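The paragraphs below go with the sequence and the model shown here.

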Amino acid sequence: MKPWLIGWIVAAGLALGETPAEAVKPANGELPGVEQAIPDPVKALGKPALTAFPGGIRMAVSATTEEAQNHVLLGLNHLHGGWETEASRHFAAAMREDPDCLLAHWGMVMCLLNPTPETGPARNAATDRLLHLVDAGKGSELERGYAYGLIKYFEEGPNGAAQAFRKVAERFPNDLQAGVFSALFNRGGYDPSGSPTADQEAAEKRLLALIEKHPDSTIPLNALLTIRAEAPDAGPSLEMARKLCRMAPDHAPYFHLLGHFEWRCGNHGEAASAFGKASSFYQNWMRENKAGIADCPEWIRAECYRIVALASRGEFETAYAAARQVAATPVPTGRHASSGARFLLWEAKTLPARLLMHRGLKGNAAEALMSLPKPDELKATHKQSLAYWWIDGLRFVLEANRLVDAGKPDEARQVADAMTQHGEAMARTQNAAGASGERSSWTRSFRALEVLASEVRGRIALAGPADRRDLAFNWFSSAADRQLPAPMLLPPVVLSPMAARLGEFQLASSKPKDAIESFQRGLASFPNDLGALDGLKRAYQMDGDPVKAAEIDARIAALKAR
């Protein structure tokens, strides 16, 4: 083993008996070629142009040509900027220009940390080549430090990577990237009460110091906003998100990030505008690069969130028309396993139905049921995506709600029982979802079904015999407790706050004080939700507080006028 290799193993906290040295040799004994390390979809998109990236990373890159260096830098900036597809194109160009460029291979593996069936083989080949280049002594000491941070991620997960990158940052205190990654891998999120964990506080403190040290860079600012995206109170970060978009006014992912913070602050019109800009940028990118939605799940994500923002603003008809249009987007032929096709199936295809559920008028359940893709339409996607489990589960929810609307609670209860069996069967596919790269979508949808199942059970209890109606409180409470903030800069799957649903039950039970608490709880997660605000106004009226009721009424009027 090379002396410098031992030094970095010790510096990164690796024991000499651990796997990196053995992992350097591919299982079949042959080193994959560069083309094997580039995903086929990336090859099909062609070579990207070299353009400016405002506020990006500037660093020395060990490469044989200036062109390779420039592609690596753009790849790094797009990687930090939240656009892995575009980053992987630049890393691919650098790998072809200089097959021994360590940082280009490292970047490609970073882009493919969560592989799909389309990208898994290339991820494995790129990893083999990366380890070979490390063992051959390629790259600078700093670049090899990045490589061992990545190795620690594969071996020990985020905590191991955080420790490794922290050691790199300590050895190279002026290196921006190592400091950012040490914070990103160390983020701890928020505890059940909404308070940041100790690791989260440490990560934020580290990023704030980097922002102060690099005031003209978008990289640490974007990283801080990303790890704060699920914070209970998004308000303190909103101006930062606006500043980020002023610094890089043409970068689509930053406008998506801004839209997320605007929505989280209850600024639904501003959110729709930001998502609209992101969507437009992505559409231009697809047109310029002759790409389709298979290679741009980001467009679907931005468009779906824009539609949710419109619905939150009270523009149901506009939102519903747009949702029907995006849901009608065909699943790309031959690309069912692509990220774009999967996002289309998990998110867009169900959006019209979920909007109708949010509206909640009598007859909407039947209309929503008809809007879902038919089972026969989904059969061709079963081998490449588990999204049909989510769509079929939603079908059970809507059928049960349709029967409640029709005054048939006993039949609705039978459907709910079948829905429970469906959920148990879906739970057994969790490992398959992880193996195929769909764990996040699967988890998000499975939890949504749990929320919706509780809500429909509450509706069934309300529609049934009088002696069972008290059970509705337990079911609606369960739905509210199960509803968690949406992760990964995504809109909520269930578009109505379940705490407000509980508040409506409490109002009907003549318990206005309890209802006030529930509506306020719903507004904490869905700021300025018009339905929750209307419920809160009625609760104050029932509680004999006309002043507060008038304040809420004025707030509703101001939102509608905006």
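The largest nonpolar core has 157 residues, and those with the most contacts inside it are Met59, Val72, Trp106, Tyr146 and Leu355. A nonpolar core here is a set of buried Ala, Val, Leu, Ile, Met, Phe, Trp, Tyr and Cys residues joined through side-chain atoms within 4.5 Å. Buried means under 20% relative accessible area, exposed means over 50%, and partly exposed lies in between (1.4 Å probe, protein chains only). Helix 22 (residues 387-405) gives the most to this core, with 11 residues. Helices are DSSP runs (H or I, at least four residues), numbered from the N terminus. Apart from this core lies another one, of 16 residues, among them Ile516, Phe519, Ala532 and Tyr540. In soluble globular proteins, nonpolar side chains tend to be buried together.

This is a predicted model, in which local features need pLDDT of at least 70 and side-chain atom pairs count only at pLDDT 80 or more, while totals for chains, interfaces and linings use all residues. Residues are numbered from 1 along each chain as its sequence is written, and side-chain values use heavy atoms, with hydrogens and water left out.

In helix 6 (residues 102-111), 10 of its 10 residues are buried. Among them are Trp106, His105 and Cys111. The elements that cover the buried residues of helix 6 include helix 4 (66-80), helix 5 (84-97), helix 7 (120-135), helix 8 (141-156), helix 9 and helix 10. Helix 18 (residues 339-346) is largely enclosed by the rest of the structure, because 7 of its 8 residues are buried. Those buried residues are Gly340, Ala341, Arg342, Phe343, Leu344, Leu345 and Trp346. The cover over them includes helix 16 (297-312), helix 17 (316-327), helix 21 (375-378), helix 22 and helix 25 (439-463).

Met59 is listed among the residues with the most contacts inside the largest core. Leaving aside neighbours within four places in sequence, Met59 is in contact (heavy atoms within 4.5 Å) with Leu73, Leu76, Leu103, Leu142, Tyr146, Asp175 and Gln177. Asp175 is a charged residue in that list, and its place is in the loop between helix 9 (158-171) and helix 10 (176-186). Beyond four places in sequence, Asp175 is in contact with Met59, Leu142 and Tyr146.

What does the buried Asp175 have as partners, given that it has no salt bridge? A salt bridge is a side-chain nitrogen of Lys or Arg within 4 Å of a carboxyl oxygen of Asp or Glu; Lys and Arg count as positive and Asp and Glu as negative, while His and the chain ends are not counted. The nearest side chain of opposite charge, Lys213, is 9.9 Å away. A polar contact of 2.8 Å joins the side chains of Asp175 and Tyr146. The side chain of Asp175 also reaches the backbone nitrogen of Ala178 at 2.8 Å. A polar contact is a pair of N or O atoms within 3.5 Å; within protein, one must be able to donate a hydrogen and the other to accept it, and residues adjacent in sequence count only if both atoms are side-chain atoms.

How many disulfides does a search of the whole structure find? The search finds 0, a disulfide being a pair of cysteine sulfur atoms within 2.5 Å. For Cys101, the closest cysteine sulfur, in Cys111, is 13 Å from its own, so the two are too far apart for a bond. Cys101 is buried, with a relative accessible area of 0%, and Cys111 counts as buried at 12% relative accessibility.

Two loop residues have a positive phi although neither is a glycine. Met488 has a phi near 60 degrees and lies in the loop between helix 26 (471-482) and helix 27 (498-508). Met488 is partly exposed, with a relative accessible area of 48%. Asn528 has a phi of about 60 degrees and is found in the loop between helix 28 (512-525) and helix 29 (530-542). Asn528 counts as buried, at 11% relative accessibility.

Two further residues lie in helices. Lys43, in helix 3 (residues 40-45), is partly exposed at 29% relative accessible area. Not counting residues up to four places away in sequence, Lys43 touches Glu35, Ile38 and Arg96. Gly160 is found in helix 9 and counts as buried at 2% relative accessibility. The C-alpha atoms of Gly160 and Ser182, 22 residues apart along the chain, are separated by 9.9 Å.
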